[in-house]
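Subject: Structure handover and notes

Dear colleague,

I am passing on the structure below, together with my notes on what was found in it. Please read the notes with the coordinates open beside you.

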Amino acid sequence: MLNKPHLNPALHFFKLPQNPTKLFPSLKHVCDQGSLNEAFKSLTTLLTQQHAPDLSLDAAYSPLLELCAKKKALPEGQQLHAHLIKSCAVWDSAFLSTKLVYMYGKCGPVLDAQKMFDKMSHRTVFTWNAMIGAFAANGEPLMALDMYNEMRVFGVRVDSFTFPCVLKACVAVGSLCCGEEVHGLAVKCGFDDVGFVVNSLVAMYASCNELGAARKLFDGVGDKEDVVLWNCIISGYSARGMSDEALGLFREMQKVGVAMNTYTFVAALQACEESLCGKLGMEIHAAVLKLNYCVDIYVVNSLLAMYVRRGKMDEAARIFSDLDDKDIVSWNTLLSGFVQNGLYKEALLLFHDMQRIGHRPDQVSLLNILAASGRLRSLMSGTEAHAYAIKNGFDYDLQVGNTLIDMYAKCSCVNLMGRAFEKMPNKDFISWTTIIAGYAQNNCHTEALELCRKVQMLGLEVDAMMVESILSACGALKCVPLVKEVHGYAIRRGLFDLVLQNAVVNVYGQCGYIDYAYRIFNLIESKDVASLTSMISCYVHNGLANEALELCHFMKETNVEPDSIALVSILPAAASLSALMKGKEIHGFLTRKGFILEGSVASSLVDMYACCGTLKNAYNIYNSVRNKNLILWTTMIDAYGMHGHGMEAIDLFKRMQDQQIVPDHITFLALLYACSHSGLIDEGKGLFEIMRHEYQLEPWPEHFACMVDLLGRANRLEEAYHFVNSMESQPTAEVWCALLGACRVHSNKKFEEIAAKKILELGSKNPGNYVLVSNVFAARGRWEHVEEVRMKMKGIGLKKNPGCSWIEAGNKVHTFTARDKSHPQSNEIYQKLAQITETLEREAGYVVQTKCVLQNVEEEEKVQMLYGHSERLAIAYGLLNIPEGTPIRITKNLRVCMDCHTFTKLISKVFRRVLVVRDANRFHHFKDGICSCGDFW
């Protein structure tokens, strides 16, 4: 409730001079010019030259108080108030007291306005309006409505100026009901035909999302010549995303001939931010230039926002460059535009320009630059922005703190990420979600789960985004019981939306629980492209490339259009099976749909073509990419390596160094692999030293294994053994396997025995390691040891991977296993294989090498086993179904045996066919009886 007004003596009014027109127009004129300094000088002159009885304080002070309100010049307004108190005249003049209430309300200290109001003994409707307006303008809409209700209780009659303030308060509290009551009063009092009252009503209904009522009021106005009326209805439609209606009214306004102003252009440009309105946006831009609004900062900022939202960053940058008086909104709009459109480097440059010129970045600037630094993984830029935040006190801001956590997470700087989180004085739900996601993304899965438990202990609500991050951590830890627990929690809490369903499919796939993944996938009613991508990734991750390609067909049948992520997920399946036709089909789709061949798309295409044996196509894709990243360089180096082109791989590495691209562990792994398969011993040893000393990269076990393989292939087994023993860390089973493989090829019993013993001591989850040891024992006829190894495998739940070969023909991938008879053309295949074997024996002197069969069976059985190897069945099928002149491409999951290698060489010579075989070790290009591997693989 308001304080009771003070009771003062009878009012005393100063008399105006007899001819005031000569005296006061000069002071009012000075105030109209807008110069406070000149206005105060004029008042001082006026007060010193005139006698008090002849001076009207109302007339003298009111123009200055209005000017202070307009300029929001609180100190000057307070000076005037103090002067009036000294003259003891302020309490006698309701007019001046109302002006003071108005001034304080406009300048911000609403409490001072309220104190002034409370002390007034006589209040007019103008006083009440001023106080209601003060509350409404200073973020106190409830107080404004209370004041309005009290005004009604006291029986003060409203006037037309009451309604805009009250309606503004109704909008602020979102009370349509209250607004409708005020509308009813306006009708009752006969103010519903007053222009500015109608404008306020239209704005109120539009802001309360009652655009039908707003439009009805607008249409009911007979003479629509008021620009404010048009602005209210256009802004209402524009703010709610109804661009067509907003722009339709804008065109109508142009036809009627109503002069547009700043607010008109701002509202219309906001409606043009949708990409479909580009042409009209350019028309409005032309109108802005024609009517010389190109210097209006609000209009220019709206133009900037329109072009930014439509992704026309060149045009936005040009407008920004032509703008002389840029404000913080101008800078932030362009900065946000660069970030939103993926132009992160440009954003960093603009931020530096902003500081260099002397503009102080604000919170919005900082949020954008932190986002850009994170996307670029530029830790230096991110830490600079963090330092700026600390220096200017932004680091305590909640949104800045959350963005800092995200930036450090993207830069893989976990320590600084954790520190930024801990230093936040206030943490909201987004803070916890971001830090948990940051740990999960940076392989700190245990930390992510610990924070999740802390969230639950604090009683915070867990949402779908946090559950997704927790699932990611569980999946990486391969902790299936925890995955199931989180899965159940999401269902119980009603969080199991489509995004989480897709995430659960993905996580079960990561953990190898394909049946679970497929069951969840089947339960998804409205499968989107992300659902299909998750299941495809699940299949690819678990070596089920055929199933992944079948799901690709399902995607096509159900008219779900794949995006770049889906296509990148499918390409490894095509690569795994050497399904060149499928790979080309995906490449064609990418080209037709206008996808830019760069980043992960380009790298996946290069890998696919390389794995399908078409190195030329792989290089063409690589060469077409303008901005090559490290992954693309590494993929191409690996492509050369798997095809035995070691020198080309090294040359490419040198070109990469010239481009200032810094290699990583994977790059050197690809290089060592290339050297190993090309017999480049000195080059390989040199690269190993460069990795350690020039790039300070500590070798992984895989690098050591490559070096052992490199030396072993050259029969430098003594050196290889010493290299293993000189390792600072304990050699892994993979390192000893590399040595054992070389010993087997070169029949070195001494080191063979040592390596086999070490492998069995270390143990492994890889069945291939045990199979290699078993094969070495079998080759020596040590069948009791073979049986021991097999029993050990069985005891720990490992099985030998059965030999499997794939061949693509007729746009379909056909699968063959050893002695397989499940294929529809099985009889024809075996007949063809018998013919081929007979021809090779007769014309090329082929003799089966039964020593390749490492099983304790009769010789005849060994012959039959060799004849039934999966790659031979695939070759026979290829000769039956693939026309002459077309290479036969086969992929095998295991190493090709020596007998099948010889068999394939002879086929290429006798049948004059080119065969490209990819086994577990490398590519073999067979032509005219010669293999590209040089008979060493």
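A residue is called buried here when its relative accessible area is under 20%, exposed when that area is over 50%, and partly exposed in between. Please keep in mind throughout that this is a predicted model.

With that cut-off, the buried residues of helix 6, which spans residues 110-119, are Val110, Ala113, Gln114, Met116, Phe117 and Asp118. These buried residues pack against four helices, namely helix 4 (74-86), helix 5 (94-107), helix 7 (125-137) and helix 8 (141-153).

If residues up to four places away in sequence are left out of the count, Phe163 touches Val158, Val182, Leu185, Ala186, Phe191 and Val197. In soluble globular proteins, nonpolar side chains tend to be buried together.

Two helix pairs were examined in detail. In the first, helix 13 (residues 227-239) packs with helix 14 (residues 243-256) at an angle of about 160°, and their axes are 8 Å apart. Angles over 145 degrees count as roughly antiparallel, and helix 13 and helix 14 are therefore roughly antiparallel to each other. Their crossing is left-handed. On the side of helix 13 the contact is made by Val227, Trp230, Asn231, Ile233, Ile234, Tyr237 and Ser238, while helix 14 contributes Glu245, Ala246, Leu249, Phe250, Glu252, Met253 and Val256. Sorted by class, this contact of helix 13 with helix 14 holds 10 nonpolar, two polar and two charged residues.

In the second pair, the axes of helix 22 (residues 379-391) and helix 23 (residues 398-410) come within 10 Å and cross at roughly 160°, which makes helix 22 roughly antiparallel to helix 23. The crossing of helix 22 and helix 23 is left-handed. Here the contact is made by Leu379, Gly382, Thr383, His386 and Ala389 of helix 22, together with Val400, Leu404, Met407 and Tyr408 of helix 23. By class, the contact of helix 22 with helix 23 has six nonpolar and three polar residues, and no charged residues.

Some individual residues also deserve a look, starting with backbone angles. Most residues other than glycine have a negative phi. Lys72, in the loop between helix 3 (57-71) and helix 4, has a positive phi near 55°, and with a relative accessible area of 55% Lys72 is exposed. Gln660, which is not a glycine, likewise has a positive phi, of about 65°. Gln660 is placed in the loop between helix 38 (646-658) and helix 39 (665-678), and its relative accessible area of 67% means that Gln660 is exposed.

Finally, is Glu784 buried, exposed or partly exposed? Glu784 lies in helix 46 (residues 783-795), and at 48% relative accessibility it counts as partly exposed. Glu784 and Asn559 are 225 residues apart in sequence, and the distance between their C-alpha atoms is 58 Å.

Notes
Residues numbered from 1 in each chain as written. Predicted model: local features only at pLDDT ≥ 70, side-chain atom pairs only at ≥ 80, totals over all residues. Heavy atoms only, no water. Axes fitted to C-alpha atoms, helices over the stretch in contact; angles between N-to-C directions. Parallel < 35°, antiparallel > 145°, perpendicular 65-115°, else oblique. Left-handed = near helix turned anticlockwise from the far one by under 90°. Contact = heavy atoms within 4.5 Å. Nonpolar A, V, L, I, M, F, W, Y, C, P; charged D, E, K, R; others polar. Buried < 20%, exposed > 50% of the residue type's maximum accessible area, 1.4 Å probe, protein only.
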